[in-house]
Amino acid sequence: MSLAGAQEKLPLTMVGGGLAIPVNGAASTHILKPDNPRLPDSVQNEALCMVLARRCGLSVAPVTTGRAGARSYLLVERYDRVISEAGVQRLHQEDFCQALGKPPAAKYEHNQSGVKGPSLADMFALVRTHMTAREITQLLDAVIFNIAIGNVDSHAKNYSILLQPRRSQLALLYDLMSGLTWPNITQNHAQDVGGQQRGRHIYGRHWRRMAQAAGLAGPATVRRVQQLTGRLAAEAAGAAEEVAAMPAGGQGAGAFAAAIAERALVVQAHAGQDGDSGPDPTPEAAIGSSAYQR
């Protein structure tokens with residue numbers, strides 16, 4: 001398992017319908033993520049979140065699941081590859097920490113590295129400088145989606161940019177996972193939304209504050225939140241059915257989908273309210289290398 005990250009990952013190459021381990025500098029085409037004993041049904045959780053994002057109109061890497069003996073796994077198609085008759089060509093990408101000149105340990109906005117991590121305003125400024133209005137909307141949708149599903153690990157290294165010869169563009173979304181149903185998972189998101197880290201406590205004033213810092217229109221941002229979260233709640237059950245039909249089955253997918261739909265409706269309702277007008281709590285520093293712990 002040679003790829004970086006909190007979860008184990010294995011780079012593989014699809015050859016003639018089978019999977020092979022690339023050696024001697026050969027390029028991989030897929031990433032395999034085995035089930036995680038610390039996070040029950042992690043394969044179904046991530047597959048559900050990826051499928052749900054696609055059903056909501058977001059651009060995501062294609063995924064499926066599989067079984068190898070007693071183990072289940074998620075298989076993700078790499079978006080940074082082009083396959084032609086000449087073979088597999090790598091595309092250059094940078095995650096947002098790299099693009100903003102931040103060390104990997106600063107991937108959370110509040111962290112213990114001694115370096116403040118990227119804020120959402122920093123990330124939107126980067127997109128506005130190097131990309132188009134379309135990518136700004138794509139980033140906003142990704143932020144809303146991650147808040148609505150409780151993806152507390154949507155840090156700056158889980159957003160990337162493909163560097164193309166003519167122009168840069170946002171990479172497809174990947175590493176989408178909900179932390180709503182597992183015990184001992186922090187509920188602090190990787191970046192603040194208008195000064196608030198906890199998804200169920202984000203109200204309209206927080207979205208408008210974030211929008212102002214990011215150069216977005218506040219009322220339009222709130223409408224976008226309400227529209228996307230409504231669609232997300234409506235699509236959750238169908239996404240769970242898709243995952244259940246995959247080779248590894250749908251263990252836990254229904255429970256994950258129900259929790260996500262419930263949270264999405266909370267985020268939707270709160271976006272139309274200002275909530276308590278008192279001061280927001282001081283942001284807590286991220287602990288350890290992964291948000292999937294208290």
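This is a short exchange on how terms are applied to a predicted model.

Trainee: Why is K9 called buried?

Mentor: K9 has a relative accessibility of 8%, and buried means under 20%, so K9 counts as buried. K9 lies in the segment before β1 (10–15).

Trainee: What makes N24 count as exposed?

Mentor: The relative accessibility of N24 is 83%. The term exposed needs a value over 50%, so N24 counts as exposed. N24 is placed in the loop between β2 (18–20) and β3 (30–34).

Trainee: Why is D41 called partly exposed?

Mentor: D41 has a relative accessible area of 33%. Buried is under 20% and exposed is over 50%, with partly exposed in between, so D41 is partly exposed. D41 lies in the loop between β3 and α1 (42–55).

Trainee: What is noted about phi of N24 and of D41?

Mentor: Phi of N24 is near 55°, a positive value in a residue other than glycine. For D41, also a residue other than glycine, phi is positive and near 60°.

Trainee: What makes β1 and β3 a pair?

Mentor: Pairing requires at least two bridges between two strands. Three bridges join β1 to β3, so the two strands pair, and they run antiparallel. L12 stands opposite H30 in β3.

Trainee: What is the order of strands in the open sheet?

Mentor: The five strands follow the order β2-β1-β3-β5-β4, with antiparallel pairing.

Trainee: Why are β2 and β4 (63–68) said to stand at the edges?

Mentor: Each has a single partner strand, so one side of each is left without a neighbour in the sheet. From one strand to the next, the twist averages 40°.

Trainee: Where does α1 lie relative to the strands?

Mentor: α1 lies across β3, β4 and β5 (71–77), and runs at about 30° to β5.

Trainee: How many cavities of 30 Å³ or more does the structure hold?

Mentor: There is one cavity of 30 Å³ or more. The largest cavity contains about 70 Å³ of space.

Trainee: Which residues line the largest cavity, and which element gives the most to the lining?

Mentor: Among the lining residues are L120, V143, N146, Y159 and H189. α4 (133–149) and β11 (188–193) each supply at least two residues of the lining. β11 gives the most, with four residues.

Trainee: How do the lining residues of the largest cavity divide into nonpolar, polar and charged?

Mentor: Six are nonpolar, four are polar and none is charged.

Conventions
Residues are numbered from 1 along each chain as its sequence is written. This is a predicted model: local features need pLDDT of at least 70, side-chain atom pairs count only at pLDDT 80 or more; totals for chains, interfaces and linings use all residues. Side-chain values use heavy atoms; hydrogens and water are left out. On a 1 Å grid over the protein atoms alone, a cavity is a set of points where a 1.4 Å probe fits but cannot get out, and a pocket is an open set with protein on both sides within 12 Å along at least five of seven lines; lining residues have an atom within 4 Å of a point. Grid points are joined across faces, edges and corners, and a volume is the space filled by probe spheres set on the points. Ala, Val, Leu, Ile, Met, Phe, Trp, Tyr, Cys and Pro count as nonpolar, Asp, Glu, Lys and Arg as charged, and the others, Gly among them, as polar. Buried means under 20% relative accessible area, exposed over 50%, partly exposed in between (1.4 Å probe, protein chains only). Axes are lines fitted to C-alpha atoms, for helices over the stretch in contact, and angles run from 0 to 180 degrees between N-to-C directions. Contact means heavy atoms within 4.5 Å.
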